[in-house]
Structure formats: structure tokens, C-alpha cells
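Here is my note on the model. Please keep the structure open beside it and check each point as you read.

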Amino acid sequence: VAYIKAHCGSKRVKLCWFGGEPLVNFPVIDQICQGLRTEGVEFESQMISNAYLFDDDIIAKAVDSWKLRAVQITLDGTEAVYNRSKAFIYREGSAYQVVLGNISRALDAGLAILIRLNMDLNNAEELLVLADELAVRFPNQKRLRVYANLLFDTQDPEGTRYSREEWERLYTSLHGLEHKLL
């Protein structure tokens with residue numbers, strides 16, 4: 001808090017909470033935001049989160065105390081793919097359904113949500129299906145934006161680069177997904 005106050009002058013501060021998962025240690029976010037308010041520092045925040053921990057209490061605190069305005073959430077596939085990738089952390093129920101429910105709660109609370117769809121050669125078709133699912137689940141949401149992002153991991157396990165044909169397939173898939181999202 002002292003560092004932020006000393007370096008912001010009288011300017012409004014914009015904070016970005018990221019990590020691992022910033023909500024795992026939300027008491028630190030509480031402490032910093034409370035300290036900034038006590039010191040009279042104007043601020044707002046945004047967050048990069050997996051949204052799994054966004055229950056009603058956290059969302060209310062985020063909007064009121066943390067002055068959270070936007071959250072970026074990454075989804076890499078539909079329910080089966082998402083749950084398989086999160087199974088080492090979230091063993092019970094559907095993590096995917098928890099996250100989508102939390103996205104709904106966050107939108108209802110007035111937060112802007114940016115869903116980033118990370119694409120590589122292995123999940124292009126999956127993301128087209130996910131885009132349709134998101135359109136059905138969140139119709140006409142003015143504060144929701146979904147966008148595609150290429151993962152530029154150009155190394156396979158043997159250390160060779162993507163072939164020209166693979167790059168073409170990847171970019172063709174990306175353009176198809178972007179068209180669907182528009």
C-alpha cells in the first residue's frame with residue numbers, strides 16, 4: 001500500500017490481480033484494497049481468474065471492496081475437456097458447471113467478463129462447440145466478450161516445429177472460430 005501510494009501521485013490506480021489463482025489468497029487482496037481506501041487512494045481493479053472460487057460472497061466483496069470491474073477467464077474446451085484438465089484439483093462434481101454458474105453470478109453483479117479461448121492444434125474443433133455452448137448459455141450479455149487466442153507452443157515433444165500445413169490448419173481454424181464468435 002505504501003509503495004502504491006508513493007508511486008501513484010494523485011492518479012487513480014488500476015490494479016490487476018493475477019497469479020496462479022488470485023482468489024486462493026483473497027485476504028491479501030482485502031488487505032491491499034482496505035489499505036488503499038484508508039490512505040485515500042482512488043483505485044479500481046481487474047482480475048485474471050479461473051472463476052471457480054467466485055461464490056456470491058466473493059463477488060459481492062470484489063465489486064464493493066476491491067472495485068473489481070472485469071475478469072478474464074480462460075476456457076480450453078467443453079465440459080468433458082475442461083473437467084478432465086481440472087480433475088487434479090477439482091475432484092467432485094463438474095468444475096465446468098461451477099465456473100459457468102459463477103460467470104452468470106459475476107455478470108449479474110455487473111462485472112465485465114472476458115472469456116479467452118486458447119487454441120492449439122488439438123482443440124480447434126472443440127472450441128467451435130464451446131462457442132455455441134457459450135452463446136446458448138449467455139445470450140445477449142452486453143458485458144460478456146469471448147475471444148480466441150493462439151497458443152504459440154511451436155515445439156512438439158521431439159523438438160520439431162509445426163509444419164507449414166499444420167500452421168495453415170491452425171490459422172484456418174482460428175479464423176473460423178473468430179468468425180463464429182463475431
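What covers the buried residues of helix 6? Point 2 takes this up.

1. **Ground rules.** This is a predicted model, in which local features need pLDDT of at least 70 and side-chain atom pairs count only at pLDDT 80 or more, while totals for chains, interfaces and linings use all residues. Residues are numbered from 1 along each chain as its sequence is written, and side-chain values use heavy atoms, with hydrogens and water left out.

2. **Helix 6 and its cover.** The cover includes strand 3, helix 5, strand 4, strand 5 and helix 7 (164–181). Helices (H or I, at least four residues) and strands (E, at least two) are DSSP runs, numbered from the N terminus. The buried residues of helix 6 are A124, L127, L130, A131 and L134. Seen down the helix axis, they fall within an arc of 110°, so they line one face. The arc is that of the directions from the helix axis to the C-beta atoms. Buried means under 20% relative accessible area, exposed over 50%, and partly exposed in between (1.4 Å probe, protein chains only). E125 and V136 are exposed, on the face of helix 6 turned away from its buried side.

3. **Helix lengths.** Helix 6 has 14 residues and reaches 20 Å from its first C-alpha to its last, close to the 20 Å expected at 1.5 Å a residue. The expected span is 1.5 Å times one less than the number of residues. Helix 5 (residues 95–108) passes the check too: its 14 residues should span 20 Å, and its end C-alpha atoms are 20 Å apart. Helix 2 (residues 26–38) has 13 residues, should span 18 Å, and has end C-alpha atoms 18 Å apart.

4. **Helix 5.** Look at which residues are buried here: A95, Y96, V99, L100, G101, N102, I103, A106 and L107. They pack against helix 3 (56–64), strand 3 (68–75), helix 4 (79–86), strand 4 (112–119), helix 6 (124–137) and strand 5 (144–150). Contact means heavy atoms within 4.5 Å. Just after helix 5 comes G110, with a positive phi of about 95°.

5. **Helix 2.** I29, C33, G35 and L36 are buried in this helix. They cover an arc of only 160° around the axis, which puts them on the same side of helix 2. On the other side, Q31 and T38 are exposed. The buried residues pack against helix 1 (2–8), strand 1 (13–17) and strand 2. G40 follows helix 2, and its phi is positive, near 75°.

6. **Strand 3 and its partners.** Six of the eight residues of strand 3 are buried, so the rest of the structure largely encloses this strand. Strand 2 (residues 43–48) pairs with strand 3 in the parallel sense, over four bridges. The chain gets from strand 2 to strand 3 through helix 3, and this β-α-β crossover is right-handed. That means the path from the first strand over the helix to the second runs clockwise, with the strands pointing away from the viewer. M47 stands opposite V71 in strand 3. Strand 4 also runs parallel to strand 3, joined by six bridges. There, I115 in strand 4 is the bridge partner of I73. Two strands pair if DSSP finds at least two bridges between them.

7. **S45.** Where does S45 sit? Its place is in strand 2. S45 is buried, with a relative accessible area of 3%. Its side chain makes a polar contact with the side chain of W17 (3.3 Å). A polar contact is a pair of N or O atoms within 3.5 Å; within protein, one must be able to donate a hydrogen and the other to accept it, and residues adjacent in sequence count only if both atoms are side-chain atoms. A polar atom of the S45 side chain also lies 2.8 Å from the backbone oxygen of W66.

8. **The whole chain.** The protein has seven helices and five strands. From the N terminus on, they run α-β-α-β-α-β-α-α-β-α-β-α. Buried residues make up 37% of the 182 residues. The C-alpha trace spans about 55 × 35 × 35 Å along its principal axes.
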